[in-house]
Amino acid sequence: MRKPSAALDGISAILLDMDGVLYNGDRPVKGAARAVERFRDEGKKLIFFTNNSAYTRREHAKKLTQMGISAREHNIVTSGYVTAVYLRKRSPHAKIYVVGEKGLKSELRRAGLKLVSRKDAEKATHVVAGLDRELDYSKIAGGLRALSAGAEFIATNMDAAYPSDAGLLPGAGATVGALVGCAGRKPDLVTGKPSPHIINMGLTLLNTKPSKTAIVGDRIDTDVEAGKKSGLRTILVLSGVCTEKDVKKIGGTGMAPDFVFGSIGEVIN
Ligand SMILES: [Mg+2]
């Protein structure tokens, strides 16, 4: 068996970003399934993670499995799931107004949390904002009413945009930005990357230490930053958002990743 490259020497657990690392939209990245299999053969513990809150963990696991990467719900961490776990622990009696998609609502409900409808928005104790591809004026109005009445403001993430086959599309940052714009308040908490919340959950689930753990991602501003903040080894792959140019730009700064590869397939070659 060939040895994995030095990038993974001394590493026993890996947090693998999904979009831009394992696939782009519905297209698998070449060599991704083989790389994941190799990591597992080498005995490395894996978590697949994403800022995308639009789908449940179960849906993400199904997508990976269909791409030849076997994954179960408990192998997946999303910003929506992190938010649900956080709220269940800190505010189990929260009344949540969600500006986001079905997958986010479903994770919150599965954690036993109560959601409030738009007509009861001012009764909300928390507003949770995530990617919403059907964002409209009335949803924003509901969020404004809840925030004006004093609800805590939680953003699943602030990602400005994400790449798709149709070019860049607005991310959760568009939802959060709409609420910030009308309520005049910034989120009290961001749960997804680059916040340490999502990384800490990955470390806890894998029962691993930061020094033994690598993060593999395609974005410097979220994946690499999150990894650096939490003391993980950082591996950037250029199969998604970031390019060689971006790497050159941050070369020599504290933000430079520890290793850079063209794609995840190259990590094992
Ligand atoms: Mg990504």
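The protein chain divides into domain 1, made of residues 6-51 + 194-267, and domain 2, spanning 85-190. The model described here is predicted. Taken over C-alpha atoms, the centres of domain 1 and domain 2 are separated by 27 Å.

Helix 3 (residues 79-90) and helix 7 (residues 196-206) have axes that come within 10 Å and cross at roughly 85°. Helix 3 is therefore roughly perpendicular to helix 7. From helix 3, the contact draws on S79, V82, V85 and Y86, while helix 7 supplies H197, I198 and M201. Sorted by class, this contact of helix 3 with helix 7 holds 5 nonpolar and 2 polar residues, with no charged ones.

Most residues other than glycine have a negative phi, and most peptide bonds are trans. In the loop between strand 12 (189-190) and helix 7 sits P194, and the peptide bond leading from K193 to P194 is cis, with omega near 5°. Beyond helix 7, the loop that runs to strand 13 (213-217) contains N207. N207 is a residue other than glycine with a positive phi, near 50°. Is N207 buried or exposed? N207 counts as exposed, because it has 8 C-beta neighbours inside 10 Å, and the cut-off for an exposed residue is 12 or fewer.

Turning to the strands, an open sheet is formed by 5 strands in the order 7-6-8-9-12, with parallel pairing. Its edges are strand 7 (114-115) and strand 12, each of which pairs on one side only. Within this sheet, strand 6 (residues 95-99) and strand 8 (residues 126-129) run parallel and are joined by 4 bridges. For V98, the bridge partner in strand 8 is V128. Helix 5 (residues 137-148) lies across strand 6, strand 8 and strand 9 (152-155), and its direction makes an angle of about 145° with strand 6.

How values were computed:
Residues are numbered from 1 along each chain as its sequence is written. This is a predicted model: local features need pLDDT of at least 70, side-chain atom pairs count only at pLDDT 80 or more; totals for chains, interfaces and linings use all residues. Domain bounds come from an automatic or database domain assignment. Axes are lines fitted to C-alpha atoms, for helices over the stretch in contact, and angles run from 0 to 180 degrees between N-to-C directions. Helices (H or I, at least four residues) and strands (E, at least two) are DSSP runs, numbered from the N terminus. Angles under 35 degrees count as roughly parallel, over 145 as roughly antiparallel, 65 to 115 as roughly perpendicular and the rest as oblique. Two residues are in contact if their C-beta atoms, placed from the backbone, lie within 7 Å. Ala, Val, Leu, Ile, Met, Phe, Trp, Tyr, Cys and Pro count as nonpolar, Asp, Glu, Lys and Arg as charged, and the others, Gly among them, as polar. A residue is buried if 20 or more other C-beta atoms lie within 10 Å of its own, exposed if 12 or fewer, and partly exposed in between; C-beta atoms are placed from the backbone. Two strands pair if DSSP finds at least two bridges between them.
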